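Have the structure open beside you as you read.

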Amino acid sequence: MLSHAPINVLLLSSQPRYEYHWADGTNIKKPIKCSAPKYIDYLMTWVQDQLDDETLFPSKIGVPFPKNFMSVAKTILKRLFRVYAHIYHQHFDPVIQLQEEAHLNTSFKHFIFFVQEFNLIDRRELAPLQELIEKLTSKDR
């Protein structure tokens, strides 16, 4: 069952330590508080819009990527990380009940190796899952 609470991450208490508000800079310029399902819906729609934008992600050979490509890519990945953080902190029990934690961990581990290899997410942004990141990546370093 999905919660309609804001997208937040609980750490060692019942109070959210991190709470994410949505703004896309175009349709929603001032960050708004919204439920996790709404935030994720906004996010996935926004990511798809970015990927479909030929000026940001050109699909034709020889067309260069724009100067702001790295900034856009980093923003996409930072926001997708928030979904992982939310799943781990709010929905991990159902993931375990479904016996799908290995799949989630593998997906997240690949995501983390990629963003770390290319320095795509600031270390401060990874703080909500830092302990897990260290556990998942320590054996492979």
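## Where H4 meets H5

H4 and H5 are roughly perpendicular to each other, because the angle between them is about 90° and falls in the 65 to 115 band. Their axes lie 10 Å apart. Please keep in mind from here on that this is a predicted model.

On the H4 side, the contact is made by Asn 105, Phe 108, Lys 109, Ile 112, Phe 113 and Gln 116. H5 answers with Leu 132, Ile 133, Leu 136 and Thr 137.

The loop between H4 and helix H5 (130-138) contains Asn 119. This residue is not a glycine, yet its phi is positive, near 50°. With a relative accessibility of 56%, Asn 119 counts as exposed.

## The overall layout

Stepping back, the protein chain has five helices and two strands. Following the sequence, they come in the order β-β-α-α-α-α-α.

Of the 141 residues in the protein chain, 35% are buried. If we take the contacts between residues at least 6 apart in sequence, 57% of them join residues at least 24 apart.

## H1 against H2

How are H1 and H2 oriented to each other? They are roughly antiparallel, since their packing angle is about 150° and anything over 145 counts as such. The axes of H1 and H2 are 11 Å apart, and the crossing is left-handed.

From H1 come Ala 36, Tyr 39, Ile 40, Leu 43, Met 44, Trp 46, Val 47 and Gln 50. They meet Val 72, Thr 75, Ile 76, Arg 79, Leu 80, Arg 82, Val 83 and His 86 in H2.

## Arg 79 and its two tryptophans

The charged end of Arg 79 sits over the ring of Trp 46, at 4.6 Å from the ring centre. Arg 79 also lies over the face of Trp 22, again 4.6 Å from the centre of the ring.

## Aromatic pairs, starting with Trp 22

How many aromatic pairs does the structure hold? There are eleven. One of them joins Trp 22 and Tyr 42, which are stacked, with 6.1 Å from centre to centre and 10° between the planes. This pair counts as stacked because its planes are under 30 degrees apart.

The pair links distant parts of the chain, with its two members 20 residues apart. Trp 22 is in the loop between strand S2 (16-19) and helix H1 (36-52), while Tyr 42 belongs to helix H1. Trp 22 is buried, because its relative accessible area of 1% is under 20%. Tyr 42, at 25%, is partly exposed.

Tyr 84 and Phe 108 make another aromatic pair, this one tilted, with centres 5.0 Å apart and 55° between the planes. Here too the pair links distant parts of the chain: Tyr 84 sits in helix H2 (residues 69-90) and Phe 108 in helix H4 (residues 101-117), 24 residues apart. Both Tyr 84 and Phe 108 are buried.

Together with Phe 81, Tyr 88, Phe 92 and Phe 111, Tyr 84 and Phe 108 form one aromatic cluster.

## H2 against H4

H2 and H4 meet at an angle of about 150°, and their axes are 12 Å apart. That angle makes H2 roughly antiparallel to H4. Their crossing is left-handed.

On H2, the contact is made by Leu 77, Leu 80, Phe 81, Tyr 84, Ile 87 and Tyr 88. H4 contributes Leu 104, Asn 105, Ser 107, Phe 108, Phe 111, Ile 112, Phe 114 and Val 115.

## One more loop residue

Our last stop is Gln 99, in the loop between helix H3 (92-97) and H4. Gln 99 has a positive phi of about 55°, although it is not a glycine. Is Gln 99 buried or exposed? Gln 99 is exposed, because its relative accessible area of 66% is over 50%.

Note on methods: Residues numbered from 1 in each chain as written. Predicted model: local features only at pLDDT ≥ 70, side-chain atom pairs only at ≥ 80, totals over all residues. Heavy atoms only, no water. Phe/Tyr/Trp six-rings, centres within 6.5 Å; stacked < 30°, edge-to-face > 60°. Helix = DSSP H or I, 4+ residues; strand = E, 2+ residues; numbered from the N terminus. Buried < 20%, exposed > 50% of the residue type's maximum accessible area, 1.4 Å probe, protein only. Lys NZ or Arg CZ within 6 Å of the ring centre and 35° of its normal. Axes fitted to C-alpha atoms, helices over the stretch in contact; angles between N-to-C directions. Parallel < 35°, antiparallel > 145°, perpendicular 65-115°, else oblique. Left-handed = near helix turned anticlockwise from the far one by under 90°. Contact = heavy atoms within 4.5 Å.
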